[in-house]
Amino acid sequence: MAKTDQITLTQTSIADGWWEGVLSGTDDEVPVEAWHQDRRIEGVEVAKLVGKSGRAVRVPIAASVLSEGVQTVLLKVGDDVLASFTIVAGVPLEEDLRAEI
C-alpha cells in the first residue's frame, strides 16, 4: 500500500444517503474507515474504478449522524484523516441562521 501522505480522498457527491468520493494516489486496496463521535460507521465501500486509476469510496450516512447540531464524519486510513464531511441540522441552528440574515 502507498504511504497515506501520497493518497488523497476527494468528495464527488452526497446523494440518497451516501457520501461518495474518489481515492487517488494508489491502486492498492486501502482500508478506509468512517468515524463519527468515536464510533466506526459500518458499510463503507471501496471499489476499483473501471478504466481509471484509483478507487471509488462510498460511505453510508448513518442515522446517528442525522442529529441536531453540527455533526462531522472523519474518513480515515489508520490514524490518518484523509477527508471529512459535515452535516448541520436542527431547529436551534435554523433560528441562529435567521438571526444572521
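**Entry 1. Basis of the notes.** I worked from a predicted model, in which local features need pLDDT of at least 70 and side-chain atom pairs count only at pLDDT 80 or more, whereas totals for chains, interfaces and linings use all residues. I number residues from 1 along each chain as its sequence is written, and side-chain values use heavy atoms, with hydrogens and water left out.

**Entry 2. The chain.** I noted one helix and eight strands. Both kinds of element are DSSP runs numbered from the N terminus, with at least four residues (H or I) for a helix and at least two (E) for a strand. From the N terminus on, the order is β-β-β-β-β-β-β-β-α. Of the 101 residues in the chain, 30% are buried (under 20% relative accessible area, with exposed over 50% and partly exposed in between, for a 1.4 Å probe and protein chains only). I also looked up contacts, defined as heavy atoms within 4.5 Å. Among those between residues at least 6 apart in sequence, 47% join residues at least 24 apart.

**Entry 3. The sheet with S5 and S6.** I found four strands in an open sheet in the order S1-S2-S6-S5, with antiparallel pairing; two strands pair if DSSP finds at least two bridges between them. Strand S1 (8-15) and strand S5 (45-48) stand at the edges with a single partner strand each, so one side of each has no neighbour in the sheet. Neighbouring strands here are turned by 25° against each other on average, direction ignored; the axes are lines fitted to C-alpha atoms, and angles run from 0 to 180 degrees between N-to-C directions. In S6, Arg55 is the bridge partner of Lys48. I counted seven bridges between S1 and S2, which pair in the antiparallel sense, and Ser13 stands opposite Glu20 in S2. The S1 and S2 hairpin has two residues between the strands, and Asp16 takes a positive phi near 55° there.

Entry 4. Three bridges join strand S3 (residues 33-36) to S4, and Trp35 stands opposite Arg40 in S4.

**Entry 5. Rings.** How many aromatic pairs does a search of the whole structure find? I found one. Trp19 and Phe85 are stacked, at 6.0 Å centre to centre with 15° between the planes. For rings of Phe, Tyr and Trp (its six-membered ring), a pair requires centres within 6.5 Å; planes under 30 degrees apart are stacked, over 60 edge-to-face and the rest tilted. Trp19 lies in strand S2 (residues 18-24) and Phe85 in strand S8, so the pair ties together parts 66 residues apart in sequence. I find both residues buried: Trp19 has 0% relative accessibility, and Phe85 has a relative accessible area of 4%.

**Entry 6. Charges over rings.** I noted that the charged end of Lys76 sits over the ring of Trp35, 5.8 Å from its centre. Arg58 lies over the face of Trp18, at 4.0 Å from the ring centre. The criterion is NZ of Lys or CZ of Arg within 6 Å of the ring centre and within 35 degrees of the ring normal.
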